Amino acid sequence: MKAMVMAGGFGTRLRPLTCNIPKPMVPMLNRPMLEHIFELLKKHGFTDLVVALYFQPEIIQEYFKDGKDLGLNISYILPDADVGTAGCVKKAADLLGTTEPFLVISGDVLTNIDLSQAIAFHKAKQSQATIVLTRVENPLAFGVVIFNEEGRITRFLEKPSWGEVFSDTINTGIYVLDPKLLDRIPAEGEYDFGKQFFPEILNAKLPLYGYVAEQTYWRDVGNLSEYRQAHYDALQMEGKLVNPNVIEKLPGVWTGKNCYIDASAVLESGVILGDNCWIGPHVRLANSVLGNACRVGEGSKIIGSIIWDNVNIGNDANLKEVTIGNDCRLGARVYIGVGAVVSDHCTIGEGATVKAEVKVWPYKIIEDGTTLSSSLIWGERWSKHIFDAYGVSGLGNIEIIPEFAAKLGAAYGASLRKGDYVLSSRDNHKTSRIIDRAIMTGLASVGINVYDLRVVPVPVARYSVQALKVAGGFHVRKSPYDPKVMDIKFFDAEGKEISQAKEKGIENLFFREDFPRVAMEEAGEIMFPPRALEYYEEGFKRILDYERVRKANFRIVIDYAWGSAVGIFPQVLGDLRCEVVGLNAYPDGTRLTKTQDDFDISIKRLGEIVGTLKAHLGVMMDAGAQKIYIADDLGRVLDGDQALALMALLMFKSKPGASVAVPISATRVIEEMALQYKGKVIRTKTTYAGLLDVASKDKPDFVGEAKGGYVFPEFQPAFDSMMATAKLLELLAISGEPMSKLVNQIPVINLVRRHVPCSWEKKGTIMRKLIEHTRAENVQLLDGVKIWHGKSWVIIIPDADKPIFHVNAEGNHMEESNQLALRYVQLIQEWQG
């Protein structure tokens, strides 16, 4: 029989253990969790397996290959997007066949469920779908199931609240399915077993049964404590899950090849050692698992702990109920408390203490004698670089702390001339105020004067840098993408991002601490400029046709997203004589970060309100007042490509010969409209820096991208949601047409966007093979690789921050676009092996 193994998990709740490997490859008793699942399947006659991968697929493929070493036949599928659990099985339909039932099982659980009995139950009931069930004390995290006396399921609820719990019988994630049910799963889009598939099977009254696995073991290894507990459970199973290649040297003690155990060492029942381990004199080991090539120094005590491969533990160390990743070095007299986790490639110095429940991310160094009482996350040491693609980013009040900020301010100040002026600004979050003030103190300590704008949006800060003629500036904000992260952005004298050379100079000063403090009387001053906002508003009056907008009598709906634009933009709209309905029109520092769900709800509500009020348009700003998202007068929310095309169309119609700059990945419809209106199109890189570079140097009439960022270089070369909104009103007033009519004038956009997972180390190889593969093609290399096929095109761009490739394609119709994207998605997957 055939089985489908779901092995695409990221393992987010197992971090930092899963920073370098996918969750199914996390070792359980010195073997990947996935190997235990394969062994279980083989035991019950499933030897033809299809394995669904997504995150870091090459690690799993390289380890198991085609499965022949395990007596299995393994095929792999790699969906190019998150299609949900059921959608993933749909992708494997051709491999699973059409003649007999098949099994679906998760690759990251620990279980000894009798799968043969589940299959027999399925066949006896003539079921079309059977869910394997078990009973748990706390069912909140699982799909809860209730069934009648025949085993037929009557209710199913995915991850209920306590008020919705109607059973302690839960879904194990193991299913037996009739292949004809795959016809009910859509070929595209996200489709999940728990959320859509099983509820729809129930509603259709198809035979859906539940097989309760009695007196068996099942554990979802969902978090770090569950991971340790699964080991403790397995150690009590009398060796049933232990690697058959190890030997039971003492009752309950298993060792691999070439292990040395000193005669004075005490190994209590429930210990597993991998190959080539060295256990020194007077060591005590109990209820613990050590991987290959581990060394434990004299007098050390390790209780209830999981140690991965190649870990060196010094003398007299004390570890209790901890997890240590690969290739770590623990010095003498180290103490690591209960529940702590140390990830791969870390060094813990002699006499250091890691307190209970602390998490240490990979490649960290804890100095001798240090006491670590809070988690050491990615980048906390700032060991090599401070700046990234977003400026300076880190966990608020964990990595971005006042001490760090003051030192950063001093390093920035040392890169300027003593006595220079810089501008400071921030959003309205309370932690931003703390960091902002710390940076100002660092600047003042090296003789730099600061104009403090306090709470203003980023575009106002940029504009004020030029208006006040200062040497530069910075803005502190809570990240709009991650509620735990803070960003610090630095500007040059023109209000643009500082150059990479400037970043490198600040980093060198920071690490050398080469910033001489000035005498008390030379310390910088902190001042509050009185007219900064007036300068910004005067800039609007300089380039906008206020009278034309006033005559249009616009009724608009604006969602301020609780950002600082609400303190500035209402005055501008008042001067434009607009009738305004404001949403979320007060600053709230706790709501500056939006999840995708939050965004979707907000933009949908905006469209509904615009339609209800019969407004001329609706605009939703981001919290930083840099981007806008648009709804037309019918309440239709424009997607990013439509909105960009609309802005370009308005510019072409309002100004003959207008020049518009857009990314190389934007729709070709822009050129079609430019040809019609005798306009000009400039293609740019897809990055923010690439767009602003063209805005500064080429000074087109408009610069835009498909994510809501628009630039009017005549005002300033930066994204600015307030100027973008005001300019949109002006352009609509010039056109004299309703926005919905203008939207209907945009040619059909047949643009598709796909994403392909790819490990960091293989990105360069993929790009090289892509260039070789397309040598005979019509190719553009402005950003990524853009290949033209007549008027159709596809562009492949490696993501700067994630291990993925973006594949965008545009053809003459959507079917052609999808086929073109799929061709290159498959090539990237093939080139990864």
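The chain has an average pLDDT of 90, and 95% of the residues score at least 70.

**Asparagine 112 and its surroundings**
- Asparagine 112 sits in the loop between strand S7 (109–111) and helix H5 (115–124).
- With a relative accessible area of 34%, asparagine 112 is partly exposed.
- Beyond residues up to four places away in sequence, asparagine 112 touches Leu40, Thr216 and Tyr217.

**Two buried residues to look up**
- Serine 792 belongs to strand S54 (residues 792–798), and its relative accessibility of 1% makes it buried.
- The side chains of serine 792 and glutamate 816 are joined by a polar contact of 2.7 Å.
- Leaving out neighbours within four places in sequence, the contacts of serine 792 are Arg668, Ile787, Glu810, Gly811, Asn812, Glu816 and Leu820.
- Histidine 231 lies in helix H7 (residues 224–235) and is likewise buried, with a relative accessible area of 1%.
- Pro27, Met28, Leu29, Val289 and Ile306 are in contact with histidine 231, once its neighbours within four places in sequence are set aside.

**How the helices pack**
- The axes of helix H16 (residues 640–654) and helix H17 (residues 669–677) come within 10 Å and cross at roughly 10 degrees.
- Angles under 35 degrees count as roughly parallel, so H16 is roughly parallel to H17.
- On the H16 side, the residues that meet H17 are Leu644, Ala645, Ala648, Leu649, Phe652 and Lys653.
- H17 contributes Ile670, Met673, Ala674 and Tyr677 to this meeting with H16.
- The residues of this H16 and H17 contact comprise 9 nonpolar, no polar and 1 charged.
- In helix H3 (residues 84–91), the buried residues are Gly84, Ala86, Gly87, Cys88 and Val89.
- The cover over the buried residues of H3 includes strand S1 (2–6), strand S4 (48–52), strand S5 (73–77), helix H4 (93–96), strand S6 (102–106) and helix H6 (193–203).

**Backbone geometry worth a second look**
- Most residues other than glycine have a negative phi, and most peptide bonds are trans.
- Arginine 15 and proline 16 are joined by a cis peptide bond, with omega about 15 degrees.
- Proline 16 is in the loop between S1 and strand S2 (27–28).
- Histidine 282 is not a glycine, yet has a positive phi of about 60 degrees.
- Histidine 282 is found in the loop between strand S19 (278–279) and strand S20 (284–286), where it counts as exposed at 52% relative accessibility.
- Lysine 699, also not a glycine, has a positive phi of about 45 degrees.
- The loop between helix H18 (688–697) and strand S49 (702–704) holds lysine 699, which is exposed, with a relative accessible area of 57%.

**Where to read with care**
- Over residues 161–165 the pLDDT stays under 50, and the model has 9 contacts for them beyond four places in sequence.
- Residues 378–384 also have a pLDDT below 50, with 24 contacts in the model beyond near neighbours in sequence.
- Where pLDDT is low, the predicted coordinates should not be read in detail.

Technical notes
Residues are numbered from 1 along each chain as its sequence is written. This is a predicted model: local features need pLDDT of at least 70, side-chain atom pairs count only at pLDDT 80 or more; totals for chains, interfaces and linings use all residues. Side-chain values use heavy atoms; hydrogens and water are left out. Axes are lines fitted to C-alpha atoms, for helices over the stretch in contact, and angles run from 0 to 180 degrees between N-to-C directions. Helices (H or I, at least four residues) and strands (E, at least two) are DSSP runs, numbered from the N terminus. Angles under 35 degrees count as roughly parallel, over 145 as roughly antiparallel, 65 to 115 as roughly perpendicular and the rest as oblique. Contact means heavy atoms within 4.5 Å. Ala, Val, Leu, Ile, Met, Phe, Trp, Tyr, Cys and Pro count as nonpolar, Asp, Glu, Lys and Arg as charged, and the others, Gly among them, as polar. pLDDT is the predictor's confidence in each residue, from 0 to 100. Buried means under 20% relative accessible area, exposed over 50%, partly exposed in between (1.4 Å probe, protein chains only). A polar contact is a pair of N or O atoms within 3.5 Å; within protein, one must be able to donate a hydrogen and the other to accept it, and residues adjacent in sequence count only if both atoms are side-chain atoms.
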